[in-house]
Amino acid sequence: MPDGGGAVSATGKPGSRSMIDRIFGSLHLPLRDPFAIMGLAIYVAFIVAAIFADRLATHDPTEILFIESYDLASDRRPGEDGFVLGTTSLGRDIFSQLVYGSRSALLIGLTAAFVVALIGTLVGLIAGYFGGIIDIVLMRLADIAFGIPFLPFVIVLAAFLDPSIWNVVLAMGLVLWRDTGRVIRSQVLTLRTRAYVEAARVSGSSDLKIVFRHIAPNILPLSFLYGSIAIGWAILTEASISFLGFGDPQTISWGYMLQDAFASQALSNRAYYWFIPPGLCIILVVAAGFFISRGYEEVLFPKLKE
Amino acid sequence: MRDVFQTAAAAALLVTGGVSSVLAAGDKIRGFSIVSRPQAAQPAEFQFVNIIAQEWRKLGIDVEVDVMPWEQMADLVWYNRDKWDVTGWQMVGRPERSDPDELIYNLYHSSTAPKGYNFLGYINPKYDQVVEAQRVETDADKRQALLNQAQAILAEDQPALMLVHPKSTFAFDKTIWDASTAVDQGGIGIKNTWTFISLAPLGDQQDIILNSSDNIQAINPLFISGGTDSWITELVWDRLLRIGPDGLPRPWAAESYEWTGATTIEVTLRDGMRWHDGQPVTAEDVKFSFEAAMGDEAPMYKPFVSNIAAIDTDGNKITFTLSKPSASFTTSSLAKLNLIPKHIWEPVLTDLASKDENAETYQEENPVGSGPYRFASWTTNEEVVLEANEGHWSAPKAERWVLRIVPNTEAALGMLRSGEINFLSDFPGDARILLNAAEEDGDLEVVSTVDIGFRYLAFNNRRQPFDNPAFRRALSFAINRDLIVGAAFKGFAVKSNSVISPALPFWHNAAIVEFETGTDLAKRILDDAGYEVIDGKLHYPNGVKETLGD
Amino acid sequence: MLDLKQLGGRLLQFVFVLWAVVTILFLMFRLMPGNPLAAYIDPTFTEEQQQILTAKFGLDRPLWEQYFVYVGNLLRGEFGDSFFYRQPVFERVLSLLPNTLILTFSSLIVAYIFGIVVGAWLAWKRGRLVEQAAIPFVLTTRAMPEFWLGMLLLALFSFNLGWFPAGGTRSPGAEFDGYLDLYTSVDFLAHLALPAATLAIYSQGLPLLLMRSNMLDVMREDFVTMARIKGLGNWTVVVRHAARNALLPVMTSFAIAVGYQIQGNVVVESVFSWPGLGRELVNAVSASDYPLAQGAFVMIAVVVVTMNLIADMLYGFLDPRVSRA
């Protein structure tokens, strides 16, 4: 990974500002698509919540709360004793957990998206452009990654690493680059034969320059498309892993909240205020990623639009 | 060998630690962590560990909570005995723990410190002496006095911070089962063999349908496997004695038994018993059952028969001769071993003797016992069905006993209300919610019983700063047990200061349970022992060096 | 069409991927910290007994030797003995496979029928309000955590309404004459309904969106226009011409979906007490039962890799232009 990052900045050096412009320009943010705008708006809302979590939250999300000394503030209904969304059965503030949960969700989601998109893009670029033995090796690796059942893999990984939200990111980085890698490779294969790439090659540009200057900008939207899907995958996976009991017990996430709620029989206790909000937050953020990716599809494959 | 030196060193420190109380302060006490299992698996433990950490910080100690799953915790605490500081732990109630010996001896006798149950490394020669004496004392009153003394020593030394004896809570549908026929076994609760035999149906539903969140590991009379498995083995196989609802052993397959000397006990076998395949149960079968455990093919049962020197049969009488007197022999041996048919197991054991495997890996296709229920079917990870053995002298009132595997607690509760199960035999969840559900539903009977088992926080007595009893006392007395009962167990527990539960009233030392607690008291104890608070951090008494560092 | 050489190549790839997955799995389990038998050896065991057990599971041998034994055993269908159950892993895992496959296939068949019909219909309604509203709705169903949806369905249809049983594959103590009798019984289908519905709701999005976009593609092609000009009714055109052509690629995606779905089962099996491979894997991992976890994992991986192979071959079969990737 550090190598890849270095390569980008190296080529960008002569005029790094124009490089940034070019990257943004080549992103083709799908700002005409109403879904995509909705998706982006959801992201912005959650990012704001995550940044200002400590101000929005009314309590420390892990603190055991007492009404008076030795009287645990457990199972409070929303609004009761000033708890916005009530408290858990072990006396933690639900609203504050929800707010802090957006931090881990975005942290996991965005990192995983970045890792998956970066690895997938690099693999696709290198395999597609250089071809030959490199291509064969990378694509066989992709075959193997396709043969690994993802969720079971995360479970096994989580079992022997210390429980941490980063396990999900690690597992995604190890396995889920496969889709991105394959798609980008085939895109690169068609781009490679384009006239301007040929021209650059004839004029003596280095491979590195051709890849990152002429090809990469054209596939960046594709990377973003897969990245925005990966955000959702990461958050859903973290939730599933938490539900099965392999989650990080020290980090408040929405998956952790749901797991806590189910383990405390919140359904039987009709504590809807406890297990509905985290579920809705997950749906919102994951769906937002899908909306954006859909917006991208319409930009990339305009025939659907008409 | 290393362990021996370590425990010796710990014992030496124990002596020096108590006496120093001079003016200038020693080193700052290093920060340490309390090990807990995750909230998901053990909400109450996670909760009390966090509360205790909050309370201890008030004394000027840096305390962290270290959460890890059970396998890691067991590996650390059990197999790396000098590597941890404080851990949440529990002893579960089992019928054979109705005799106090197993807990009071194994948990704190110095001989079990290197590898056995005394994992926290408590060494006290005086204590050893007392618990050894109660072991061979067959006079109940004298034994009671010795056990009271042992409990008092532990209360003084506080090798561990005893918290609570939880209440086991179970429920059943009282429109299906006659509520008066459920038997509440002291320290165990209504989920027990006596209930499964006597529970009487009121209507057409004649099957006891119960739940377990754990899968069945094995149905094997020579293998002590998962906790749920033992519900089945207790019903399919008879034992000479059984632990009664009062916690004391009573004759079962034995018609009667009698101590004929300090080390000999004569058992008379009940007449007319038959194995589920129709063969008669004989004294030879009984002898064979015990000898099977004395051999090498059933290692988990071996400790329970190691005291047997000889077994003789004469007609329907079996005489056990012991190597040394044992107060708990009836409970821990006669009421523990399953009676197995010689005609089935003899060829199996002979065959196994020539192999690497032992009887623990042998799963009978169709298990045969002589118990009140006989095996009918087993569907992997789904259910086990037993049928009433009508020919048994204590035949069950129910027709079948169906154990369903339900990994999801929420689903188990829902199933109880919808009638998919009618006996909630495994409920690790919030008992208050169960009570609320029962109130709404109207059909459910919920019974809570104080457990023989207990939850506690073990100090690693081998390691500084926990090698000093004063320090342990201070940490222990800082914690209000009522707070733990309320905030971690939702009131479904009683506070504890002894390894012998109030569920065993004859052996339990009630005098040591009530004591004052609080941060101020803890500070006073520390102050008296020479500990000092400097810049908000607790320091050792003068001259004491921190040997382990941060 | 596939020629023999291509077929051979694909089979070779199939074997290669399986070997790689199995090797990765071996390394993961053996490089785990801690004694793999720690959770399994009872504290009452003597040191000698512990050594015997360690030797029995081959854990005292060098890693490479363990590896060859492991691969050799797998080739003979020998998955070793479970630490926890002390029984052969292969039989256990094999007995749970049908439950998982039935859940997977039934939910996907429902999802595909629904997805194909509704997808075609939405393509037909292109640009209308109903289509505009349906797409984000479909995307949202894919954004739901499966266990959350499962728990809600459980609470509603089982606990509150009492329409369906809450867990397992059969009523307590119900007896059946063999698997066929069980799987065709009303009792089994009632138990299957909720878990299958949960998975189906989650997985209908893929065939639906795929069908819709394929339909849009096909409807632009000449022969559809021709049919329209010929004056055939609109719906007839859609069903007779467009749908038939749009369907094939959707059907190929079924094979891949099986591979994906079987992984998602892990969670749903836990919610609905369904005795399948996924739950077995979760239990085995929690209990540090490595042979069993390995066995369950390998079994799931075999299904995934096989389905990938089938999908691969179907693509090649349907579209000869696709050469070996």
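Modeller: Helices here are DSSP runs of H or I with at least four residues, numbered from the N terminus. The model is predicted.

Biologist: What makes the stretch that holds B:Ala152 a helix?

Modeller: B:Ala152 lies in helix 6 of chain B, residues 140-157. In total, chain B has 17 helices and 20 strands.

Biologist: Why is B:Ala152 called partly exposed?

Modeller: B:Ala152 has 15 other C-beta atoms within 10 Å. Buried needs 20 or more and exposed needs 12 or fewer, so a count in between is partly exposed. Over chain B, 54% of the 550 residues are buried.

Biologist: How do you know that B:Ala152 touches residues beyond its neighbours in sequence, and which ones?

Modeller: Contact means C-beta atoms within 7 Å. With residues up to four places away in sequence left out, B:Ala152 touches B:Asn509 and B:Ile512. By contrast, the C-alpha atoms of B:Ala152 and B:Ala292 are separated by 40 Å.

Biologist: Why is the radius of gyration of chain B said to agree with a compact globule?

Modeller: A compact globule of 550 residues would have a value near 24 Å, and chain B has 25 Å, so the two agree. The C-alpha atoms fill a box of roughly 80 × 60 × 45 Å along the principal axes.

Biologist: What makes the largest nonpolar core a core, and which residues have the most contacts inside it?

Modeller: Its members are buried nonpolar residues joined through C-beta atoms within 7 Å. The core has 349 residues, and those with the most contacts include A:Ala230, A:Ala112 and B:Ile484. Helix 5 of chain A, residues 94-130, gives the largest share, 20 residues.

Technical notes
Residues numbered from 1 in each chain as written. Chains lettered and ligands numbered in written order. Predicted model: local features only at pLDDT ≥ 70, side-chain atom pairs only at ≥ 80, totals over all residues. Helix = DSSP H or I, 4+ residues; strand = E, 2+ residues; numbered from the N terminus. Rg over C-alpha atoms; globule rule 2.2 N^0.38 Å. Contact = placed C-beta atoms within 7 Å.
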